[in-house]
Amino acid sequence: MLIGKVVGSVVATQKDEKLADRKFLVVEVRDHHNQPTPQYIVAVDAVGAGQGDVVLYATGSSARQTLLTDGRPCDAVIMAIVDSWDLGGENVYEKWREG
Amino acid sequence: MLIGKVVGSVVATQKDEKLADRKFLVVEVRDHHNQPTPQYIVAVDAVGAGQGDVVLYATGSSARQTLLTDGRPCDAVIMAIVDSWDLGGENVYEKWREG
Amino acid sequence: MLIGKVVGSVVATQKDEKLADRKFLVVEVRDHHNQPTPQYIVAVDAVGAGQGDVVLYATGSSARQTLLTDGRPCDAVIMAIVDSWDLGGENVYEKWREG
Amino acid sequence: MLIGKVVGSVVATQKDEKLADRKFLVVEVRDHHNQPTPQYIVAVDAVGAGQGDVVLYATGSSARQTLLTDGRPCDAVIMAIVDSWDLGGENVYEKWREG
Amino acid sequence: MLIGKVVGSVVATQKDEKLADRKFLVVEVRDHHNQPTPQYIVAVDAVGAGQGDVVLYATGSSARQTLLTDGRPCDAVIMAIVDSWDLGGENVYEKWREG
């Protein structure tokens, strides 16, 4: 998994029928020091994530191991909303400090 | 998934028999600000995408989760045509503004 | 899939028994303008490709979806020989013009 | 597999239900000379790894081949704690020399 | 598959039980001109490879398609020992010429 921040969403009415009603979020990939990277991914949301949330996402076949993505042409899923993480015991990110 | 723009197509008469009648499109990968990148992918089209369309594509085993690609040696599929996306509430791309 | 050019072949007598009689080709990865890149891949040939052919190859589990690669420790397969492709309607490559 | 060092952990109370009670560790990727790289991964721990341990991790569908990760939306797992490794017969890392 | 050279091995006594008795080799990735790259991979050996051997390795789920790796948390396997390869008809590497 990598850490990312939800920065937007994609609207796509014409899509594979198995993806109806799925929410596609634009996730900016963060490094482990919580700095933005140039990378992004569009992921299906499986945990009720919203704009500004810092999340974990899984890719590949592992992205299809949720009820919302099982058997679907989806290669990235948000499977957790991050509360906090630390490096060497010091918190790098704490959700409650944001906004 | 990543965002890309359909910029061409590949003709290949000699191919694995399970890929007969599949349409191979050349997709230029876009970043999340809709800028072109040097990357590309050749993807099977599962949603009727055409030249100039901005699309979402899935890779790996997830690319085989459509009726057109199931059980086939195909590692990239266009599974949605993008209408629009936003970053922080501002639209980066809107299909109706194009061409 | 990506586009590549067959530039050589690998001889390996000591290999997993399920790979007996499989042909391993060295493929130089091309960009979508048909320029060489520093990347390469060694792929099993499933379509009778030969030296100098421009091909499409698939990777990952999708590389095992041919009769020759099914159930085998092979993560790249040549599944099509390219006749031509275009970008924006102009042909970038045409097989009949080569050699 | 790649070699990494456990440098932190992620707290995420809101996550896919199949990931309840799983421990997410932040792993700094090492090169084969044991030098830090800018890359990281968040992996589920399947072997009781802790802060400062040097580990091996597997990604993709292979990350789901442990009792703790089977059928779960998890694309990286720590499947071994490294005691030592050598390059050309000289040990690059020996666990007992640390701390 | 990519070409690599076996440059070392990893000792790990504490590991997923399904990996007991598996040999983890450190493989330096080579380019197709047989030049070293900064990349490496730790792979399970399925063909009796040893220090200094030039090998082919497969990654992802394809790495689990050998008797030694089936159903195991292993994402890279050495599935062939390279005797030689050529580029454009000229041999780049010949095993018998090595030490």
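Before you start, note that the model is predicted, with local features needing pLDDT of at least 70, side-chain atom pairs counting only at pLDDT 80 or more, and totals for chains, interfaces and linings using all residues. Residues are numbered from 1 along each chain as its sequence is written, chains are lettered from A and ligands numbered from 1 in the order in which they are written, and side-chain values use heavy atoms, leaving out hydrogens and water.

Stop 1: Select residues 2-11 of chain A, which form β1 (a strand is a DSSP run of E, at least two residues, numbered from the N terminus). β1(A) pairs with β5(A), residues 54-59, in the antiparallel sense over four bridges; two strands pair if DSSP finds at least two bridges between them. Look for L2(A) and its bridge partner Y57(A).

**Stop 2: across to chain B.** Select residues 84-87 of chain B: this is β7(B), antiparallel to β1(A) over four bridges. S9(A) has D86(B) as its bridge partner.

**Stop 3: chains A and D.** Which strand of chain D is joined to β7(A)? Select residues 2-11 of chain D, β1(D), which runs antiparallel to β7(A) with four bridges. S84(A) is partnered by V11(D). Then show the whole contact (heavy atoms within 4.5 Å): 26 residues come from chain A and 31 residues from chain D. Finish by highlighting M1(A), H32(A) and Q65(A), which supply 31% of the area that chain A buries against chain D (buried area is the accessible area, with a 1.4 Å probe, that two parts lose on being put together, summed over both).
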